[in-house]
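Subject: Model for your files

Hello,

Here is the structure I said I would send. My notes on it follow below.

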Amino acid sequence: MSEPRFVFPVRIYYEDTDVSGVVYHANYLRYFERARTEWLRAMHLGQEQLRLQHDIAFTVAGMEIEFRRPARLDDLLDVVTEVKQLRRASLIFSQILQPQGGGEVMARAEVRVACVSAADFRPIALPQSLFDGIFRWKQGP
């Protein structure tokens, strides 16, 4: 990954795992979702703020996920998030789950997120200020 990265820490709890102590596959989606939400918060934006002030919401329009090795009970992990592509009404995120501090990738996802009107869920363009902020973040320091 070469773009600026946002890193969100995750600890694996008993509730995340199946009987063998391995993370249940659907929980990876939760970790990736939380990381994207915290990425927005790091830019001083929240989902509710965007809905109330700009009438926008983000919805997952597509996702490809690859599971490489299992996460297990008590693991300390990082979800690394990058904006791979920024368009007027959508973003593509590249996300990985890995041990904290680096190491072998456990899961990898590419997530296409659409910007929609919160009122009727029709696609709409990102507000210019949000588009510009994401563009600046994507360019890095």
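Strands β3 and β4 run antiparallel and are joined by 9 bridges. Strands here, like helices, are DSSP runs numbered from the N terminus, with at least two residues in state E for a strand and at least four in H or I for a helix; two strands are called paired if DSSP finds at least two bridges between them. The two form a hairpin with 3 residues between them. Within the pair, T81 stands opposite Q95 in β4.

Before going further, the conventions: this is a predicted model, in which local features need pLDDT of at least 70 and side-chain atom pairs count only at pLDDT 80 or more, while totals for chains, interfaces and linings use all residues. Residues are numbered from 1 along each chain as its sequence is written, and side-chain values use heavy atoms, with hydrogens and water left out.

On its other pairing, β3 meets β1 in the antiparallel sense over 6 bridges. In that pair V7 stands opposite V80 of β3, and F6 has T81 as its bridge partner. β3 is mostly covered, with 8 of its 11 residues buried. Buried means under 20% relative accessible area, exposed means over 50%, and partly exposed is in between (1.4 Å probe, protein chains only).

Helix α3

Helix α3 (residues 128-139) has 12 residues and reaches 16 Å from its first C-alpha to its last, close to the expected 16 Å at 1.5 Å a residue. That expected span is 1.5 Å times one less than the number of residues. Its buried residues are L130, F131, I134 and K138. They lie on the same side of α3, because they cover an arc of only 100° around the axis; the arc is taken from the directions from the helix axis to the C-beta atoms. An α-helix has 3.6 residues a turn, so residues three or four places apart point the same way. S129, R136 and Q139 are exposed on the other side of α3.

The buried residues of α3 pack against α1, α2 (47-54), β2 (56-67), β3 (76-86) and β4 (90-99), where contact means heavy atoms within 4.5 Å. Just after α3, G140 takes a positive phi of about 85°.

Helix α1

α1 has 17 residues and reaches 25 Å from first C-alpha to last, close to the 24 Å expected at 1.5 Å a residue. N27, Y28, Y31, F32, A35, R36, T37, W39 and L40 are buried in α1. The helix is followed by H44, whose phi is positive, near 65°.

R36, in α1 (residues 26-42), counts as buried because its relative accessibility is 7%. Its side chain is joined to that of E33 by a polar contact of 2.5 Å. Such a contact is a pair of N or O atoms within 3.5 Å; within protein, one must be able to donate a hydrogen and the other to accept it, and residues adjacent in sequence count only if both atoms are side-chain atoms. Not counting residues up to four places away in sequence, R36 touches V60, M63, T81, F93, Q95, V111 and V113.

With residues up to four places away in sequence not counted, N27 touches E15 and D16.

A loop residue

M106 lies in the loop between β4 and β5 (107-117). M106 is buried, with a relative accessible area of 1%. Leaving aside neighbours within four places in sequence, its contacts include E66, F67, R68, L77, L97 and P99. The C-alpha atoms of M106 and P9 are separated by 14 Å, and these two residues are 97 residues apart along the chain.

Regards
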